Amino acid sequence: MPATERPLCFTFLVCDQVVTEEGTSKKTLVGTFNRIRVPTFPLFLPSLTVFVSLTNGRGKMPGALQLTGPNQEAPVLQIQGELNFNDPTAVIEASFKLNNVPFTTAGIYHFQFLVDGEIISTRPIIVVSSEETHDE
């Protein structure tokens, strides 16, 4: 994909939930975060939501959301789908509600959003033991 045709990611956030207003389709992101305190490892977080907004795409393109662990090994989860950009100036919004998200050890995890196999944005999530003390 040539650099001039690469979609742009405006927003890439992790939160508890995304609420869509009926009638207007306006989005409210509830409980954004970038750090998770874990009582014990491994932990399967019951749920979280990832929200992305994209523009500058052309036509139908494969998209994927993946999560890699602290060592950037193979993804611990991946969701794939198709993006449809009807107009390169339009903004596409998507939210992904994930259940039982695996965090096996402390460290920096990375959500990555890919379009046509290329990473276009990354969102780090810091996972710490509840026993660690840090200022937030």
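Predicted model: local features only at pLDDT ≥ 70, side-chain atom pairs only at ≥ 80, totals over all residues.
Which residue is the bridge partner of Tyr109 in strand 10? It is Ile125, and I'll come back to that pair of strands in a moment.

Hi everyone, a word on conventions before we go on. Residues are numbered from 1 along each chain as its sequence is written, and side-chain values use heavy atoms, with hydrogens and water left out.

Let's start with the strands. They are DSSP runs of E with at least two residues, numbered from the N terminus, and two of them pair if DSSP finds at least two bridges between them. Strand 9 and strand 10 run antiparallel and are joined by nine bridges. Together they make a hairpin with two residues between the strands, and Asp116 in the turn has a positive phi of about 55°. Strand 10 also pairs with strand 4, this time in the parallel sense, over four bridges; there, Val38 stands opposite Ser129.

There is also an open sheet of three strands, in the order 1-5-8, with antiparallel pairing. Strand 1 and strand 8 are its edge strands, each pairing on one side only. On average, neighbouring strands in this sheet are turned by 20° against each other, direction ignored; the axes behind that angle are lines fitted to C-alpha atoms, and angles run from 0 to 180 degrees between N-to-C directions. Between strand 5 and strand 8 there are eleven bridges, and Leu54 has Ile92 in strand 8 as its bridge partner.

Now to the inside. A nonpolar core here is a set of buried Ala, Val, Leu, Ile, Met, Phe, Trp, Tyr and Cys residues joined through side-chain atoms within 4.5 Å. Buried means under 20% relative accessible area, exposed over 50%, and partly exposed in between, with a 1.4 Å probe and protein chains only. The largest core has 29 residues, and among those with the most contacts inside it are Leu48, Phe103 and Phe113. Strand 5 gives the most to this core, with six residues. As general background, nonpolar side chains in soluble globular proteins tend to be buried together.

How many aromatic pairs are there? The count comes to two, taking rings of Phe, Tyr and Trp (its six-membered ring) with centres within 6.5 Å; planes under 30 degrees apart count as stacked, over 60 as edge-to-face and the rest as tilted. Phe96 and Phe113 have ring centres 6.1 Å apart and planes at 45°, so this pair is tilted. Phe96 sits in strand 8 and Phe113 in strand 9, so the pair ties together parts 17 residues apart in sequence. Phe96 counts as buried at 18% relative accessibility, and Phe113 does at 1%. The other pair, Phe103 with Tyr109, is edge-to-face, at 4.9 Å centre to centre and 80° between the planes. Phe103 is buried at 0%, and Tyr109 is buried at 1%.

One last stop: Gln112, in strand 9. Is Gln112 buried or exposed? At 7% relative accessibility, Gln112 counts as buried. Its side chain makes a polar contact with the side chain of Gln66 at 2.6 Å. By polar contact I mean a pair of N or O atoms within 3.5 Å; within protein, one must be able to donate a hydrogen and the other to accept it, and residues adjacent in sequence count only if both atoms are side-chain atoms.
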